[in-house]
There are 2 protein chains.
Amino acid sequence: MKVGIVGAGSMTFIASIVRDLALTKSLHGITLNLMDVNPQRLERSYLLAKKYFSEMNVSIKVEKTTDMRECIKDASFILNLAFAIGYTNLGIMIETGEKHGYYRGIDATVWNMVNPYVTLTAYKQYVVASNIAEIMEDLAPDAWLIQISNPVLEISTLLHRLHPKLKIVGYCHGAEGGTKLLTTKLLRLNFNEVEWQAAGLNHVIFLTKLKYKGEESYHLIDEWLEKKAERFWRTYVPAPWQETLSRAAADMYRLYGLYPIGDTARSGTWKYHRNLETKQYWYGPLGGVDSEIGWALRLLLNQQNEERLNKAAFDSNVKVTEVFPPKRSGEHIIDFIDSVVNGTERRIVLNIPNEFNVISMLPTDIFVEVPVYVSGENLRPEPLESMPKIMYSRVFYPRIEVLEWSLEAFIAGRKDLLVDALIRDPRTKTNKQAEEVVDAILSLPFNQDMKQHYK
Amino acid sequence: MKVGIVGAGSMTFIASIVRDLALTKSLHGITLNLMDVNPQRLERSYLLAKKYFSEMNVSIKVEKTTDMRECIKDASFILNLAFAIGYTNLGIMIETGEKHGYYRGIDATVWNMVNPYVTLTAYKQYVVASNIAEIMEDLAPDAWLIQISNPVLEISTLLHRLHPKLKIVGYCHGAEGGTKLLTTKLLRLNFNEVEWQAAGLNHVIFLTKLKYKGEESYHLIDEWLEKKAERFWRTYVPAPWQETLSRAAADMYRLYGLYPIGDTARSGTWKYHRNLETKQYWYGPLGGVDSEIGWALRLLLNQQNEERLNKAAFDSNVKVTEVFPPKRSGEHIIDFIDSVVNGTERRIVLNIPNEFNVISMLPTDIFVEVPVYVSGENLRPEPLESMPKIMYSRVFYPRIEVLEWSLEAFIAGRKDLLVDALIRDPRTKTNKQAEEVVDAILSLPFNQDMKQHYK
């Protein structure tokens with residue numbers, strides 16, 4: 001059994017995947033094929049995995065390649081970690097947007113303030129993912145594609161529309177992480193006794209059920225908000241990705257009726273994001289992970305992460321299992337593979353097509369994020385608690401529009417549709433400004449491919 | 001058989017209704033009950049109708065009342081013409097919005113630039129219409145309600161959701177009028193040989209079919225655009241409500257793939273509406289009927305219309321049939337009643353619930369505007385030509401969101417939901433501005449009822 005990872009040089013998930021593989025005995029004996037276009041990053045991940053399995057005495061064969069076809073051929077699972085634009089060039093795109101009056105770049109928009117997760121400018125992400133899907137149809141038509149790099153919602157939906165026969169799931173750790181943060185950090189509950197459900201769209205998910213020790217406990221949030229919230233917000237400095245704890249999250253809950261979970265709280269309307277001052281009011285001193293402060297901090301964290309990976313992989317004096325001790329990561333990518341391969345049923349929050357009307361008021365041809373029971377090839381979404389109707393018109397539909405605007409422009413290759421989307425942006429003061437920022441982004445030296453695509 | 005008209009003092013449709021009734025022999029013998037809260041305007045419409053039927057020697061009994069229950073009791077048809085806010089106070093509301101930075105008032109928004117047709121501030125319209133529906137359930141449960149005053153989309157949908165058993169249709173003359181203008185004025189076709197279909201939402205409808213002398217003729221629009229449009233726009237001054245002929249209409253056609261009809265061309269995104277200069281580029285010297293120039297012109301036209309009605313009604317030396325010669329108005333309100341009562345089948349563009357998936361990609365619980373075959377109690381929507389998918393995400397869904405935002409805030413009586421809608425408005429620069437404009441509008445002396453409602 002072969003697992004292929006496209007974009008394996010990526011920093012974010014590779015160590016977790018390797019650790020979890022090492023700790024999942026039922027998957028030992030497989031082949032792990034790592035692919036990246038960047039040979040140096042590829043080598044790092046390759047050595048990391050080799051060293052890890054060797055130190056742990058685990059029989060997993062590790063291969064590396066810069067050829068996507070070789071990675072995908074005959075694989076049973078393909079993980080897409082590729083972030084084709086990269087942080088440096090994405091930073092330049094955000095700056096280009098800001099020069100034309102688009103604070104945090106043109107991809108920051110209603111219910112998609114998670115700005116490094118490109119949507120209007122997701123061109124390279126769509127191209128890479130489309131390549132993967134085409135090769136899969138050819139060389140691994142029965143494999144599962146696990147889409148991990150962002151934008152998960154757009155990429156999964158795009159691929160499913162273009163390649164309806166492929167088996168695709170999107171994975172994001174935000175739902176579980178956010179719920180854990182809310183229930184342990186704010187409500188001081190023991191997470192082992194928490195029964196929860198979160199659902200929606202990737203990065204736009206809400207807590208639909210909260211039970212504690214078997215009892216309905218949503219009211220604990222209300223009590224916390226009433227009695228403790230103001231004091232908490234006055235003194236606590238939320239770290240990046242802790243936006244579930246923010247004033248913004250509470251405000252969304254009051255407005256729409258369910259508590260936003262994980263990356264959801266990073267998003268919302270421009271109410272929370274007009275400028276740094278606004279962001280700081282709603283998200284604390286950093287202004288949230290998507291502010292200019294948050295961005296700088298992320299670059300720093302990326303660098304530290306990179307140094308750690310380099311040391312673990314390239315320094316022969318360092319034991320990789322000391323840098324990344326063999327503990328389960330808390331991610332469920334390897335869990336998913338194990339449940340499919342070995343039939344052990346697990347409940348995992350996944351992005352799956354809404355074809356069976358999992359969320360009945362949403363279109364069937366998009367991906368929704370919901371708890372899913374995985375056992376063998378059978379994915380059984382958990383029946384959902386109902387959501388207030390108001391969430392559709394004010395949250396889900398606006399987010400789906402952003403998705404459609406992006407995919408329509410990409411599929412048609414129409415620049416005027418990119419501009420039409422920006423025309424609707426509150427930061428656009430003149431029609432010319434919208435045209436000019438699109439031209440400026442298309443004219444960046446690393447966007448020549450994108451410029452040729454959007455006529 | 002009784003026909004009741006609520007808001008019968010309204011100027012816009014009363015003369016057409018009276019003329020068409022006089023000319024529809026199959027309806028002679030009925031009773032027409034006119035109701036208005038303004039006794040003077042009521043008296044005018046009453047005298048106008050009495051004089052008209054007398055001069056034409058038509059046996060229609062005319063009654064008048066200021067009591068809505070009396071008007072509705074035992075009626076077979078109720079026409080709602082009421083425009084409860086009135087032009088003067090609506091003008092003050094628009095000005096109040098402009099003082100806070102909302103050009104053309106807070107109700108001007110994406111796909112609803114038709115600004116006198118209040119949506120966020122439609123409070124009084126919703127109250128009047130709800131009263132009518134409640135009384136109908138009580139005193140005329142089998143009657144048809146023909147909703148004519150705006151916003152037709154919001155009011156029809158609201159009433160249908162609250163009173164699902166009532167028979168409701170919405171009526172607007174824009175589809176036929178706009179198609180006629182396009183095909184005769186621009187394409188120079190003989191309208192009798194034009195076969196057409198337009199569909200969508202009220203004020204957001206598009207030409208889905210154009211045949212001439214039996215042949216597919218959409219390409220005539222493309223040819224006109226290519227060869228004659230620029231010259232036409234350079235010299236022609238579109239009159240109010242001629243926006244189908246505008247540069248904006250052509251631009252929407254190029255972007256979305258179908259030609260916008262009637263009031264649709266008044267709407268669109270902020271691209272066409274940022275300020276007077278922008279409006280003048282897209283709509284000609286007046287800047288369209290929804291600009292400040294268009295508004296002033298409308299007030300003048302209203303006054304002329306009023307003087308004409310006053311003369312016809314109150315001046316005993318004037319024959320009303322000379323002021324309003326007995327020719328069919330071109331409206332289809334009386335046609336609809338005749339087709340229902342007498343079974344004569346007619347094809348009329350109407351707003352009906354989307355319950356039978358007339359437009360399958362739109363929600364079922366809203367009203368759609370489509371050609372309908374009316375014969376007796378049976379309303380049979382015409383099967384529709386397909387529309388480009390792009391129109392949903394960029395046109396219909398954004399318009400439906402405006403509807404939901406308005407109805408949700410009204411039904412819940414929540415001021416914060418009015419503000420949440422404005423937060424998404426491109427004219428909102430600060431969160432405080434949105435709160436302040438809502439407070440300012442609620443504090444207007446004539447909006448005390450609205451202030452009490454939105455907590």
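A salt bridge is a side-chain nitrogen of Lys or Arg within 4 Å of a carboxyl oxygen of Asp or Glu. In this predicted model, Arg161(A), Asp365(A), Glu404(A) and Lys389(B) are joined by such bridges into a network. Over all chains, the structure contains 62 salt bridges.

**Individual salt bridges**

| Pair | N to O distance |
|---|---|
| Lys73(A) and Asp74(A) | 3.3 Å |
| Arg346(A) and Asp335(A) | 3.7 Å |
| Arg69(B) and Asp138(B) | 3.1 Å |
| Arg394(A) and Asp420(B) | 2.9 Å |

Asp74(A) has a relative accessible area of 54% and is exposed, whereas Lys73(A), at 42%, is partly exposed.

In the bridge between Arg346(A) and Asp335(A), the closest N and O atoms are 3.7 Å apart. Arg346(A) belongs to strand E11 (residues 346–353) of chain A and Asp335(A) to helix H14 (residues 333–342) of chain A, so this bridge ties together parts that are 11 residues apart in sequence. Asp335(A) is buried, with a relative accessibility of 11%, because the limit for a buried residue is under 20%. Arg346(A), with a relative accessible area of 22%, is partly exposed.

In chain B, a salt bridge joins Arg69(B) to Asp138(B). This pair links distant parts of the chain, 69 residues apart: Arg69(B) is in helix H3 (residues 68–72) of chain B, and Asp138(B) is in helix H5 (residues 123–139) of chain B. The relative accessibility of Arg69(B) is 39%, which makes this residue partly exposed.

**Helix H17 of chain B**

Helix H17 (residues 431–442) of chain B has 12 residues, and at 1.5 Å a residue it should span 16 Å. Its end C-alpha atoms lie 17 Å apart, which agrees with that expectation. The buried residues in H17(B) are Asn431(B), Gln433(B), Ala434(B), Val437(B), Val438(B), Ile441(B) and Leu442(B). An α-helix has 3.6 residues a turn, so residues three or four places apart point the same way. The cover over the buried residues of H17(B) includes helix H4 (86–99), helix H16 (415–423) and helix H18 (448–453) of chain B, together with helix H11 (276–283) of chain A.

How much area do chain B and chain A bury between them? The area is about 2,900 Å², with 43% of it on carbon and sulfur atoms. On the side of chain B, Arg274(B), Arg394(B) and Arg424(B) lose the most area to chain A, together 24% of what that side buries. The contact involves 35 residues from chain A and 35 residues from chain B.

Across this interface there are 6 salt bridges. Asp420(B) and Arg394(A) form a salt bridge through their side chains, at 2.9 Å from N to O. On the side of chain B that touches chain A, the elements giving two or more residues are helix H10 (247–256), helix H11 (276–283), helix H15 (390–412) and H16 of chain B. H15(B) gives the most, with 10 residues. By class, that side of chain B has 15 charged, 14 nonpolar and 6 polar residues.

Methods
Residues numbered from 1 in each chain as written. Chains lettered and ligands numbered in written order. Predicted model: local features only at pLDDT ≥ 70, side-chain atom pairs only at ≥ 80, totals over all residues. Heavy atoms only, no water. Buried < 20%, exposed > 50% of the residue type's maximum accessible area, 1.4 Å probe, protein only. Helix = DSSP H or I, 4+ residues; strand = E, 2+ residues; numbered from the N terminus. Expected span 1.5 Å × (residues − 1). Contact = heavy atoms within 4.5 Å. Buried area = accessible area lost by both parts, 1.4 Å probe. Nonpolar A, V, L, I, M, F, W, Y, C, P; charged D, E, K, R; others polar.
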